[in-house]
Amino acid sequence: MKFNIPIGPQHPALKEPISLRMTVEGEVIRDVDIRLGYNHRGLEKLAEERSWIQNIYLTERICGICSHSHATCYVQGVEKLMEIEPPKRGAYIRYLVAELERIHSHLLWLGVAGHEAGFDSFFMYTWRDREVVMDLLEMISGNRVHYAMNTIGGVRRDLDEALVKKILDGIQILRTRSEFYFKIGANEPTFVGRLAGVGYLSKQQAIDLCAVGPTARASGITADVRKDDPHAVYDEVPFDVCTADSCDVLGRTVVRIKELMESYKICEFLLKNLPAGEIAVKAPKRAKPNEVVSRYEAPRGENIHYIKSNGTEKPERLKVRAPTLANYPATIQMLKNGFIADIPLIFAAIDPCICCAERTVELVNARTGEDRVLRFSQLRALAAERYKNLPMQRNAVWPF
Amino acid sequence: MAVLKTILYLVVYPGLLFLFVYSTFCEWFDRKVYARLQNRMGPTHTGRWGLLQPVADFFKLMSKEDVVPDKADKTLFTLLPIVGLAIVLTAGLLLPLWSVGDAGAGMVSFPGDIIVLLYLLSLPTLIFFLAGWSSTNAFSEIGGTRVLTMLFGYEVPLFMAVLSPAILADSWRMAEIAQFYRDKPLLILPNLLGFFIALICVQAKLERTPFDIPHAETEIVGGTFTEYSGKKLAFFRLMTDIELVVSSGLVAAVFLGGFPGGIGLGLLNFILKTLFVIFFLSLLRAMTSRIRVDQVVSFSWKYLAPLAVLQLLIVILIKGLLL
Amino acid sequence: MLKRLTRWSRIKSPWILHLNSGACNACDIEIVAALTPRFDVERFGVLLKATPRHADVIVATGPVTRQIKDRIIRIYEQTPEPKFVVAVGACAMSGCVYRGAYNVMGGLDQVIPVTAYVPGCPARPDAILDGVVKLLGTL
Amino acid sequence: MTDLELTEKLKAVLGEKLVEISNPARRRVFMTVEAKNLAAVFEVLRKDLGYTYLATVSGVDKGEVYEIVYHLGDAHGNLNVRTQIPKADPHLPSICAVIPGAILYERELQDMFGIVVDRIPDPRPLVMPDDWPAGNFPLRKDWKFDRPREIIPGGKK
C-alpha cells in the first residue's frame, strides 16, 4: 500500500514552514518531494533598496540562529569593497561572538536532535546549558538573539576585563557540563540506536550533491572555510577540522560535539590573546564599483555572499547562499528508503534553517511517482537495495 | 439496599468518581516527576502544587468546540471515546480493591478475573487503532497501524510475565494471588524479572516514551488523536489516565502483594503501590528516547519474550522443587 | 458555577500551537526556549501541542509570506473554538525589516484576527510568557 | 597552489575558451567564458582541476545583459566563472550533467530572472508562491513592486 503523507508546512518536527511530501509504503519512504517557498520573503530585492549600513540589520534577520554569521559574512565583503580593515581588537571580538554563536547553535541542534528522537530529557538538559551561552551573548551584545555587534569597519561594543573573565568562566562551565551530559547521551542505548545507521550519505554522494558543513564533514570530507579560506583571525587561531566517516546521523552528531569542543578552545584563545586598541574604524558611505565574494563558515556550513557595488550608497546586488539550501539535494538522497520514524531525525541532521535558505529560493525535487506492481523477486531485490543503501554501521565513536 | 450499594460501588468507590480523581492525581504525579527529572518545575500554579492541572485540562477540553472531520466515519468517531472509557472503567472494577463482603477481593471477583482484566486492557489498543483509522487522516492511519504493530510486540511478553506469578500462586484470581504473596513474601523475589518485563510492557501498552510511537509528535503530529478535539479528546485523555491506574494496579496486585486492609488501609496500600509503579514508569519515560516501531517488535521478541519464558521456567522450577 | 469552572479551566490550561509564518527563526527558538527548564511554561499549565485540533492559543511568528497565507487561514479554521491568536515578534506585528517586501503580507493581522501582540525582535521568552498570561487575564 | 599558478594553469587548460581572467584579491579568481562553452568548461574544471563543489550561482541584471556568476570553491580558495547572456534572448545551458548539485541554483535563476535554462533535468516552473502572477521576475531591475494597501484591524483611530 502506497500513500502520501504531507510533512509540513506546519508540523511539530519543523519549527519552520517547509513542505515535504512523502510517498510511503508502510513505514518505508519511497519518494520525497520538497516544496519550499513558505518562508520566502524576497530579501535580495529588499537589499537593493537599502543602504550599506541598513543592510547589516537586514542580513542579520535572514536567520535567527545564525544571525551573526550572515551579518559577518556581509560585513567582511563590504569591508573588502570599501578597502578598509577592521582593527585587530574589533576582529577578535567579532569572531569571538561568532564562535559563541556556533556553540549556541550546536547546543540547540543537539537538543533538537534529542527532541526529534523523542528524548525530551536530553533536549531539556542541553537547552538548559544553552542558556549559559545565551547569557554570555546577552552580556556582550545586549540581546539574546540578534546581537547587532557588527558594523562596517569593526564591532559596536567593547569588552572589559570583568566581562572577559565572566566569559571564560562561562565557557569552563559549559565545557564540563557538555562533557557530562554527552556522556549521558552516549550511554543511552535507545538514543544511540536511533542515530546510528540513519540517513546514510556516502562520500561520493556528498561530493556530487555539493553538501556543506557538518553534513559533508560527517561523510568524511574535510571542508571548512575557516581552514580553507581563513578570513581575518582564523589563520592565527589553532583549531582542527572535525570529521567523521560513518556518514550517518550519529556521525553528524559526533562532528558537532567535536566542533563544540573546538569552539570552546577558539573562544579561550581569542579571549586570552585579545589585543588592545580600537574596536572599529570609520567607514566611507559609498563603495567603489567592484564585486566581492565573501565566505564564512556558519554553524551549518559555508555561507557565501556575492556583493556587487556600483558606486552608490546601495548595493547593486547582494546574493546570499545559505548552507541549508546546499544541503537539500543531499537530504532528499538521505530520506529515500528510510523509515517514517527517521524523517525528523534525518531532516534535523542537516540542521535545517529554512529561513536562511529561502531568502530567495524554492525548489521541488525528486520525483518518480509511478506505481509499480511488485513481484516477490522484485521485492527481494528492493529489500537488498534498501540494505545496500542503509548499512547499519556503527563505527562512529562518541568523543568521550 | 444491595442495589444502592452496587450503585455506590459503580459511581463512587472504586468506580467512576474515585477513578477520575485518582487518575487525574496520577497524571499530575507523572507530569511532576517527569518535569523534576528534567530539571523543570512542572505544573505549579493550578491548585496547590499544581494538583488540579489535569482537572483543569479536562474541564477545558470539555468546554471546547467539538470538531468532527467531514471525511471521518461519524458514528464510530463519536462512539469510540465513550466505549473506550467504559472499557477501562470496567477494568478498574476488577481490581482487588476493598469491598464489603469479602475483604480485599474487589467489587467483582471470580476465578479467572486476571485473564478478563488482561483482555479488557487489550481492548483500548483496538480502540486507539479504530480511532486512528476512522479519522481518515494520513497521520492517524499511520498511527493506527503502528498501534497494531506494537500490539504484536508487547502483548505476549506481558501475558507471560503477569501470568507467571499466578502460576506460582496456583490461582487465576487476583485476590488469591495477592493473598498468596502476602503469606509468603519471599516468593515475590523470584518474580522480579517478570515485574520488570511487565513494567516495560505496560509502558508500551500505555504508549509512553520510549514506546510513544503511535502518537510521536515529531513524526506523525498527533498520531491516532490528530483529529480529535474537545470532549472526545478529554475522554481519551481520561481513558489513558485510567488505563495507567488500572495497569499499574494490576502490576501492583500481582507482583507486590495486593492491597489488604479494608477501606482505609487498603486505599493507602493501593495508592502507595500504584505510585511506586508509576514512578518507575515515569523514570523510564524520562530516561529513554523513542525507538522505531521495527525496533519495538524486534526488541520484544529478541529480549522480552525469551526473558518472559525464562521467568516462566523459574516459576515452574520453584513450584516443582520447593512447594 | 459552570461558567466559573469553564473560565477557570481555560485560564489554567492554555495549550499552545506554534505556527511559523515565514519568521527568521529567532522568535521560534525563543518560544521553544520558553519550554525549557529556565522558563518552563508548564508551570502555568501551558503545553505545546502538535495539532491545531488540540490547541487553544495559536502563537504565531513571522511576517506571513504569500505562500503560507492560505495555510495559516486553514490552521486557524481547524482550531476549535474558543481560540486566541498571539502575534509574537515585530514581524508578526508589522513586518519588521521585511515590511514592503514583495512576498510578505506584512503582519499577522492582515490574515487572521489577532488577540494579543508581543513586541520584540525577537521577543524574549519571558515576554512571550507574559503575553500569553496577559491574554488569558482578559477572559 | 598559489593564485598565480592557478591562473596559469587555467589559461593552459582552457585555452581559447577563456575570454578573460583576473585575480582581484587573495584566493579569489574571476574568469569569463562564453555561455555556449559553459558545459565544456565545467567538465574540464571538474575533471582536470578537481572543482566539484559549486557554492552557488548568482545572477546580476546589468541592463542590456544578465551576468551569471558561478562560484566554485575548493581548498585553495574561490574560483568564479562569469558569463553573460543577452537580456533579449535569455538562454543558458544547464550544467547539471556535470555538477548535479547545480539544479537548485539554475532553478533559482529561472525563478528570479526569467532566464531559460536549456536541458535542465527538472524544468517544472518555479513561480514562487502558488498564486504568483506569471511573467513577474522580482530581481530584474525594471521590476517594481506595488505594495497593496494594508488592512488596519479595528479601523483607523
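**View 1. The open sheet of chain C.** Five strands of chain C form an open sheet in the order 2-1-3-4-5, with parallel pairing; strands (E, at least two residues) and helices (H or I, at least four residues) are DSSP runs numbered from the N terminus, and two strands pair if DSSP finds at least two bridges between them. Strand 2 (47–49) and strand 5 (116–118) of chain C are the edge strands, each pairing on one side only. From one strand to the next, the twist averages 30 degrees. This is a predicted model, in which local features need pLDDT of at least 70, side-chain atom pairs count only at pLDDT 80 or more, and totals for chains, interfaces and linings use all residues. Residues are numbered from 1 along each chain as its sequence is written, while chains are lettered from A and ligands numbered from 1 in the order in which they are written.

**View 2. Strand 5 and helix 5 of chain C.** Strand 4 (residues 84–88) of chain C runs parallel to strand 5 of chain C, and three bridges join them. Opposite C:Ala87 stands C:Tyr117 in strand 5 of chain C. Helix 5 (residues 125–137) of chain C packs on the sheet and touches strand 1, strand 3 (57–61), strand 4 and strand 5 of chain C. The direction of helix 5 makes about 165 degrees with that of strand 5 of chain C; axes are lines fitted to C-alpha atoms, for helices over the stretch in contact, and angles run from 0 to 180 degrees between N-to-C directions.

**View 3. The side of chain C that touches chain A.** In this interface, 33 residues of chain C are in contact with 33 residues of chain A, contact meaning that the C-beta atoms of two residues, placed from the backbone, lie within 7 Å. Strand 1 (15–20), helix 2 (26–33) and helix 3 (69–78) of chain C are the elements that give two or more residues to this side. Helix 2 of chain C provides the largest share, seven residues.

**View 4. The hairpin of strands 7 and 8 of chain A.** Strand 7 (residues 301–309) and strand 8 of chain A pair in the antiparallel sense over six bridges. A:Lys319 in strand 8 is the bridge partner of A:Tyr306. Five residues lie between the strands of this hairpin, where A:Gly311 takes a positive phi near 90 degrees. Six of the seven residues of strand 8 (residues 315–321) of chain A are buried, so this strand is largely enclosed by the rest of the structure. A buried residue has 20 or more other C-beta atoms, placed from the backbone, within 10 Å of its own.

Methods:
Buried ≥ 20, exposed ≤ 12 C-beta atoms within 10 Å, placed from the backbone.
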